[in-house]
Amino acid sequence: MIPPKYSDLGKAAKDLFDKNYNYGFAKVDLKTTANNGVAFTTKGSSSLDSGSIDGSLETKYKPKGGAFTLTEKWSTDNKLSTEVAVEDQVVVGSKVSINTTFSPNTGKKSGALKTSYARDNVNLTLDTDFNFAGPTLQGSSVFGYEGWLAGYQFAFDTASKALTKSNFALGYDGDDLQALAAVNDASEFTGSVYQKVKNGVQLGVQLSWDKGQSATRFGVASKYAIDSDSSVHAKVNNCGQIGLGYSHKLREGVTLTLSSLMHGTKLNEGGHKLGLGVEFSL
C-alpha cells in the first residue's frame, strides 16, 4: 500500500468538515473535456455578503502516450499559473514538476520545483522555490506498515539558515477507520478520527489545542447517504457553530449543493450564512 502524502493525512475527516460547505457564497463549477483530451475547469463564485465575484479558468493537457502534463490557470485577480509535470520518468513512482506564477499587473513572478516519490510503504516530497536570495526548502516523509503511518514535515529557510516548520504525525489508515495525532512546531496538538458506520453513515471528530491556551477546540461532523444521488451533511463545534448541507445529483453530470452556517447560541440574532453550489461535469 502506498501511504498518503503528509498533507493528506487525516483527509477523510477533513473532508467531512470542509466538503459541500460553501456558505457565504454562490458557486458554479463547470468541467468539460475536448476531443483532443484537453480538460477545462471553470469556476465562479459570488460573495453573498459583499457581492464580489471571483473566477478562474484552468486547462489541463496530457498527450496520449506522452510523458508530461501541462496545466495552466488564469484567475480574476489576473494571475497566471503554469505547471509542467513529468511522472515515472526518473524512476517509477516519481513526479517532478515546475510551477510558475505571473501577475501582468505588477510584473511579479515566482516559481518552484516540486518533486515526489511514492511506492509501497513510503511517500516522500521535496520542494524548493526560485528565490535566489535564499530558497526555502519544504519536504515531508510518510512511512506506512500494515495500516500504521508515521510522518514528518519540515520547512527550512536557507537565507536565515533556520527551520521554520517542524511537524510530526502518527496515525492509522484502515478500511473503515482512520485516526491521526499530530504535533505542529511543538506548540499545536491536533487529532482526528474518521469512521464509516453502517447504512451509509460517516462520522468524523477533530480536536486541537495550542500551547498556552486552556481551551481545546472540538468538532463533530457526519455524512449520511440517502441514496446514490443524495446526501446530507452536518457538523457542530464547541463554539456553538452548526453547519448543515445537502447534496443532490439532479441528473448525470449536474450536482446541486445547499449549505448553511448557524450560530447555535445566537439563533434569534443575525449573522447566519447560506450557500449555494452547482457543479456541471460534461
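Author: Two strands pair if DSSP finds at least two bridges between them. Strands are DSSP runs of E, at least two residues long, numbered from the N terminus. The model is predicted: local features need pLDDT of at least 70, and side-chain atom pairs count only at pLDDT 80 or more, while totals for chains, interfaces and linings use all residues. Residues are numbered from 1 along each chain as its sequence is written, and side-chain values use heavy atoms, without hydrogens and water.

Reader: What makes S15 and S16 a pair?

Author: Strand S15 (residues 217-225) and strand S16 (residues 230-237) share seven bridges, in the antiparallel sense. At least two are required, so the two strands pair. Tyr-224 has Val-232 of S16 as its bridge partner. S15 and S16 form a hairpin, with four residues between them.

Reader: How do you know that S16 and S17 pair?

Author: S16 and strand S17 (residues 241-251) are joined by seven bridges, again antiparallel. The cut-off is at least two, so S16 and S17 count as paired. Ser-231 is bridged to Ser-247 in S17. This hairpin has three residues between the strands, and Gly-240 takes a positive phi near 85°.

Reader: Why is Ala-186 called partly exposed?

Author: Partly exposed lies between buried (under 20% relative accessible area) and exposed (over 50%), with a 1.4 Å probe and protein chains only. Ala-186 has 44% relative accessibility, so it is partly exposed. Ala-186 sits in the loop between strand S12 (177-184) and strand S13 (188-197). Its phi is positive, about 55°, although Ala-186 is not a glycine.

Reader: Why is Asn-199 called exposed?

Author: The relative accessible area of Asn-199 is 69%, so Asn-199 is exposed. Asn-199 lies in the loop between S13 and strand S14 (201-210). Asn-199 is a residue other than glycine with a positive phi, near 60°.
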